[in-house]
Amino acid sequence: MFVQIIGFVGTALFFASYQCRDNKNLFRVQFLSYVCYTTHLLLLGAVTGGVSYLINSFRAFCLGSKWKFGHSRSMCVIICAMQLAALAFTWAGWISLLPVAANIAATIGGYTHNGRKIRLAGMFVNSPLWIIYDVIVGSWAGILDELVTECSMIVSILRYGWKNLDRVDGTVE
């Protein structure tokens, strides 16, 4: 039960992240959420998912920081390569593809620095793949997280307007 509670804390933080209008703050809150999920998944024995979330923590740190290189396309490529390396080192069969593919999509979406594209990648690729993975590994908090995240992204679209989210932060390279 303690393991699931750690995941539920991550869920609450991730929900809160999409209520941040500023992308930097969104990624800062997601960083804390990812730390919870890394711990949660590793304790469940879901190594690929845990390592992928560790990489997500690094991604959120980069995107939420003022570090210029952390916002660059080069860093996007490095993070995607890290996900592929995690896949190779933690391979446990086809199930390992799910979190890595989800996180590569979210990484590419995040590095567009565009709120609309970030949410599209989350709603149509990242969350669906993570839901499947979470069902298989028994992460009840993860399933709830993805369902709540989907709702949170919809709320943010309604709250800020779809058109208002189609802007690029001035943080690109």
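pLDDT is the predictor's confidence in each residue, on a scale from 0 to 100. I start my notes there, since I am working with a predicted model.

**Entry 1: ground rules**

This model is predicted, with local features needing pLDDT of at least 70 and side-chain atom pairs counting only at pLDDT 80 or more, while totals for chains, interfaces and linings use all residues. Residues are numbered from 1 along each chain as its sequence is written, and side-chain values use heavy atoms, with hydrogens and water left out.

**Entry 2: confidence**

I looked up the average for the protein chain and found a pLDDT of 90, with 96% of the residues scoring at least 70. Helix α4 (residues 73-90) has the highest confidence, at a mean of 98, and α7 the lowest, at 88.

**Entry 3: overall build**

Along the principal axes, the C-alpha atoms fill a box of roughly 40 × 30 × 25 Å.

I also checked burial: 53% of the 173 residues are buried (under 20% relative accessible area, with exposed over 50% and partly exposed in between, using a 1.4 Å probe on protein chains only). Taking contacts (heavy atoms within 4.5 Å) between residues at least 6 apart in sequence, 71% join residues at least 24 apart.

**Entry 4: cavities**

My search of the whole structure gave four cavities of 30 Å³ or more. On a 1 Å grid over the protein atoms alone, a cavity is a set of points where a 1.4 Å probe fits but cannot get out, and its lining residues have an atom within 4 Å of a point. Points are joined across faces, edges and corners, and volume is the space filled by probe spheres set on them.

The largest cavity holds about 150 Å³. Of its 18 lining residues, Tyr18, Tyr34, Arg59, Ala106 and Asn126 are the closest to the centre. Two or more lining residues come from each of α2 (23-44), α3 (47-64), α5 (97-110), α6 (115-137) and α7 (140-160). The lining divides into nine nonpolar, six polar and three charged residues. Here Ala, Val, Leu, Ile, Met, Phe, Trp, Tyr, Cys and Pro count as nonpolar, Asp, Glu, Lys and Arg as charged, and the others, Gly among them, as polar.

Is Asn126 buried or exposed? Asn126 counts as buried, at 10% relative accessibility, and sits in helix α6. Beyond four places in sequence, Asn126 touches Ala102, Asn103, Ala106, Ala121 and Glu146.

Ile6, in helix α1 (residues 2-17), is buried too, at 15% relative accessible area. Setting aside neighbours within four places, I find Ile6 in contact with Cys36, Thr39, His40 and Leu43. Ile6 and Thr39 are 33 residues apart in sequence, yet 7.5 Å apart from C-alpha to C-alpha.

Arg21 lies in the loop between α1 and α2 and is partly exposed, at 47%. From Arg21 to Ala85 I read 33 Å between C-alpha atoms, across 64 residues of sequence.

Technical notes: On a 1 Å grid over the protein atoms alone, a cavity is a set of points where a 1.4 Å probe fits but cannot get out, and a pocket is an open set with protein on both sides within 12 Å along at least five of seven lines; lining residues have an atom within 4 Å of a point. Helices (H or I, at least four residues) and strands (E, at least two) are DSSP runs, numbered from the N terminus.
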